Every structure is written in C-alpha cells, then in structure tokens.
Amino acid sequence: MQILINPDRKEWKNVLQRPYADNSAVLKTVQDVLTDVKARGDEAVKELTKKFTGVALDRFLVSAEENNAAENKVTGELKQAIQQARKNIEVFHAKQLNEPEVIETLPGIQCWRKSAGIEKVGLYIPGGTAPLFSTVLMLAVPAQLAGCKEIVLCTPCDKEGKVHPAILYAAQQCGITKVFKIGGAQAIAAMAFGTKSVPAVYKIFGPGNQYVTAAKQLVQMQGIAIDMPAGPSEVCVLADETAEAKFVAADLLSQAEHGVDSQVLLVSTGLSIVNKVQQEVEKQLSNLSRKEIAVKALTNSKAIVVNNIDEAIDLVNEYAAEHLIISCKDADAIAERITNAGSVFIGNYSPESVGDYASGTNHTLPTNGFAKAYSGVSVDSFVKKITYQKLSEEGLKNIASTVVQMAEAEGLDAHANAVKVRMAE
Ligand SMILES: NC(=O)c1ccc[n+]([C@@H]2O[C@H](COP(=O)([O-])OP(=O)(O)OC[C@H]3O[C@@H](n4cnc5c(N)ncnc54)[C@H](O)[C@@H]3O)[C@@H](O)[C@H]2O)c1
Ligand SMILES: N[C@H](CO)Cc1c[nH]c[nH+]1
Ligand SMILES: [Zn+2]
C-alpha cells in the first residue's frame, strides 16, 4: 500500500483515482457480447459461456432436482445464519415501505403518489471468484417486499455446471424460483433482451466485475433500467490515533480480498497509526486463503496522511467510497459531516463485514465515486412511484386561471382550452 503524506488538494483527483479507470477494452468486448446475444439468444449465451468460463451448458434453468440437492448440501449452521441475515434485512427494508398520503394542495385538488413494484426484475449474483449468496438476500428481499411479480436470477456456475448450493438455498428462502446458471455480460444481455429460455426484464440489479458493470451500463442506453454501477468493492477507513490498528487492517483486507481490482484506502491524521496498520496488514495477510488477490488489490491501494481532521473529512467526501469506516475518537460527530458514501460504519466495533452480511442494511452499493450521486439498493429501487390527482369541479375552479395564464403565456392554446372548456359549462 503506497503511503502519501499531505498531498496537495490540487492533486486529490489523481490521488483518489480508482484502478482500471480506462475500460475501453472491456467496453468493446461487452458491446460484442450484447450484440451477439441480442441477435442469437440462447445459442450465443452458450458459446460465450464456453468461451469465457470453459463451461459447456445445454440448459440454463436450475432444475427442481438441483435445488433439492443443494438444500441438502448446506449445513444446519449456515442455514441458520442465512435465515438470521434474511430476517434482519427484511426488518430493515420493510420500514422503507410507506403508505400513500393524499395531499390537498388547494381545496378540491387532491394529489398523491403510490409505489408500484416493477413487474419484471433481473437479479445478478456474482460468482466468478466467490459465490456471493449474501447478495441473493440483499436483492431478493427488497424485490419481494416491493411486490415485483417476476423475479429472474442469474449467476455463474462452477466448472461442473453447478450453482453454489448456498446461492440456491438463499434463493429458496426468498421465494425465487427462476435461477439461471449464467454469468458475466452474457447474463446481463439475456435478461435485458430476453432469449428463448431467459425472460426479458425491465430493470437489472446487482454487483459484478468490470464486464458485468459495463454490460449494465450499456443495456441502460438501450432502455433497460439498472440499479446503479456497482463495480469492484472498495472501502475507505478514516482512522485517527485512537483507532485499533488490528481492526483497521482487518477491515482493509476484508475488501481487498474481493478482487484484484478492489481498492482500499486508509485516511489518517497521523503517520504512526498508518505504520501500525501496515505492519498488521502484513501479519494478517499470511493467514488469508485469498492472499494472492488481496496482495494485488493492495497494490491499487493507498494510505493518505493529511494535516487535520477537517481535511480528512473533505478527502473522504471527495473519494465517495462505497463503504466508509470511521475509526476516530469523535466518530459520531464525523459521521454527521459525511456527504458522500454508500454506507457508513461508525466506531471501532462496526466492521464492514457486518453490513456485508447481516446487520440489515444493503450491501449493493455505488462504487467508483458514484456515491456522490447514487444511493445503494433499497425497496425504492424496486418500485416506480406513480402520481395521481383528482379534482372536484370546485378544485378546477380554484386552479383554472393559474393554468390558463401559464398555458397561454407558453403559446399552448389547446392546453388552456382543456381547462376553459370545462369552466364554460
Ligand atoms: N459494489 C457492490 O455492491 C459489490 C457487491 C458484491 C461484490 N462486488 C464486486 O463484484 C465483483 C464480482 O466479480 P467476479 O469476477 O467474482 O464475478 P462476476 O459474477 O461478476 O463475473 C464473473 C463472470 O465474468 C465473465 N468474465 C470473466 N472474465 C472475462 C473476460 N476476460 N471477458 C469476458 N467476460 C469475462 C465471465 O462470464 C464470468 O462468469 C467483485 O469485483 C466484487 O468486488 C461488488
Ligand atoms: N463487500 C461487498 C460489496 O462491495 C459485499 C459482499 C458480499 N459478500 C461479502 N461482501
Ligand atoms: Zn465484502
């Protein structure tokens, strides 16, 4: 991890750049995948799966037998953990549902807004380097709460053509029945355009690698909605001298192990904590099964020492991390000053892993600085909000002159007439 001391503000943009900023080669590959799947459907999906993963599939839908077999392969302890996590996620997300409230803007003019679940949604569950069954819960629970009628799930399979049993178990727990064993850009294309076996959906959700994220962004240009660009995982830890180096190192490594393109950032007001964290990182690395991946991700990562806490807060707001951990003396007060982050973890006992799995908040979050403008997935992501209005004759009288004045001033006589014709009766 590179250490930078007091970089000039003018340099922040460069310093805070994410790895692999130039994705033109990925975009080219993905564009070809999309064109192929759109033209040739299932045949293209089969060929591309073989090409990118080496797996030859003759069908994509996970069968009832595969589902039953998977249930038997998940241990009782893991089943309990999945159920506990699912419950917490449901409790947290259920509070996001709200009843429509009718507002009377003028006597006789009633306006309201109602949420309607998006009818057809596609969930992408990453599975290239780790079977992220926790993501099933993060997407399927809010989709079900929102009332989405058709929920399709795509996830890559292993070399034997099998989907990880915990992914299937989590899907069962969330009432998802259509699971397709395809991944990458070809899965996004299949859900976007539809194929003989994969239904087309209106909106696609879920994180993924660069290929998946690019595919989502490109299908969006063709009219299919997406949740957000949720790419390689990242965490920023803001730590002062009161932070526990062991905890900070563990948090940094927890995201570095996701992928070689992950980025972790340590921002601090003192060099001594940075040095201690570096030593801890070295120590803890040796015990990790995904050490190679974490080591590569650490080469993209930085520790930045700044002059004071105000500068540190400006820097983390500029970075707009997917996850921000605040390990500082005044963590609560600092949290109040955070304007850009996907999800914030306050204090020494709030590791990001807890939000990744089970506290109840969603782990599908904007990466790559998109937290400046995007929110993470919530029930809201799965609904559209339809506005309604109902006017009585008195209500129309109360607003008529306002509308007529404005319509005529815009030169739109027909608009004005739609009101006048009713008032003339
Ligand atoms: N932002 C979030 O909320 C969030 C949440 C969880 C995971 N993540 C991120 O999701 C990512 C998961 O990535 P993953 O790779 O493990 O799984 P993945 O399922 O996203 O991608 C695997 C698929 O990518 C395709 N692929 C791989 N190499 C390719 C190539 N050279 N050309 C074309 N296609 C190729 C293959 O089809 C493969 O099946 C990680 O980067 C992780 O950090 C992000
Ligand atoms: N940290 C990931 C989001 O960036 C989510 C995840 C899933 N499993 C473990 N972690
Ligand atoms: Zn994680």
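The model is a predicted one.

The domain assignment gives domain 1 (23-101 + 114-226), domain 2 (231-375) and domain 3 (392-424). Between the centres of domain 1 and domain 3, taken over C-alpha atoms, there are 49 Å.

With this division in mind, the reader may turn to ligand 1. Its shell draws at least three residues from domain 1 (23-101 + 114-226) and at least three from domain 2 (231-375). There are 29 residues around ligand 1, and those that come nearest are Tyr124, Thr129, Asn209, Ser233 and His363.

Individual atoms show how the protein meets ligand 1. An oxygen atom of ligand 1 lies 2.6 Å from a polar side-chain atom of Tyr124. In the case of Asn209, a backbone N or O atom lies 2.8 Å from an oxygen atom of ligand 1. The side chain of Tyr211 has an N or O atom that is 3.1 Å from a nitrogen atom of ligand 1. On its own, ligand 1 has 870 Å² of accessible area, of which the protein covers 86%.

The next site is that of ligand 2. Among the residues around ligand 2 are Leu132, Ser134, Gln255, His258, Glu322 and His323. Ser233 and His363 also belong to the residues around ligand 2, and both are among the residues that come nearest to ligand 1. The shell of ligand 2 divides into two nonpolar, six polar and three charged residues. Helix 15 gives the most to this shell, with three residues.

A nitrogen atom of ligand 2 is 2.8 Å from an N or O atom in the side chain of Gln255. For His258, a polar side-chain atom lies 3.0 Å from a nitrogen atom of ligand 2, and for Ser134 the corresponding distance is 3.3 Å. The protein covers 94% of the 290 Å² of accessible area that ligand 2 has on its own.

His258 is in the loop between helix 10 (245-256) and strand 10 (263-268), whereas Asp356 is in helix 15 (residues 352-357), so the pair ties together parts that are 98 residues apart in sequence. Both His258 and Asp356 are also listed around ligand 2.

Notes
Residues are numbered from 1 along each chain as its sequence is written. Chains are lettered from A and ligands numbered from 1 in the order in which they are written. This is a predicted model: local features need pLDDT of at least 70, side-chain atom pairs count only at pLDDT 80 or more; totals for chains, interfaces and linings use all residues. Side-chain values use heavy atoms; hydrogens and water are left out. A residue is near a molecule or strand if one of its heavy atoms lies within 4 Å of it. A polar contact is a pair of N or O atoms within 3.5 Å; within protein, one must be able to donate a hydrogen and the other to accept it, and residues adjacent in sequence count only if both atoms are side-chain atoms. Accessible areas come from the Shrake-Rupley method with a 1.4 Å probe; for residues, only the protein chains shown count as cover. Domain bounds come from an automatic or database domain assignment. Helices (H or I, at least four residues) and strands (E, at least two) are DSSP runs, numbered from the N terminus. Ala, Val, Leu, Ile, Met, Phe, Trp, Tyr, Cys and Pro count as nonpolar, Asp, Glu, Lys and Arg as charged, and the others, Gly among them, as polar.
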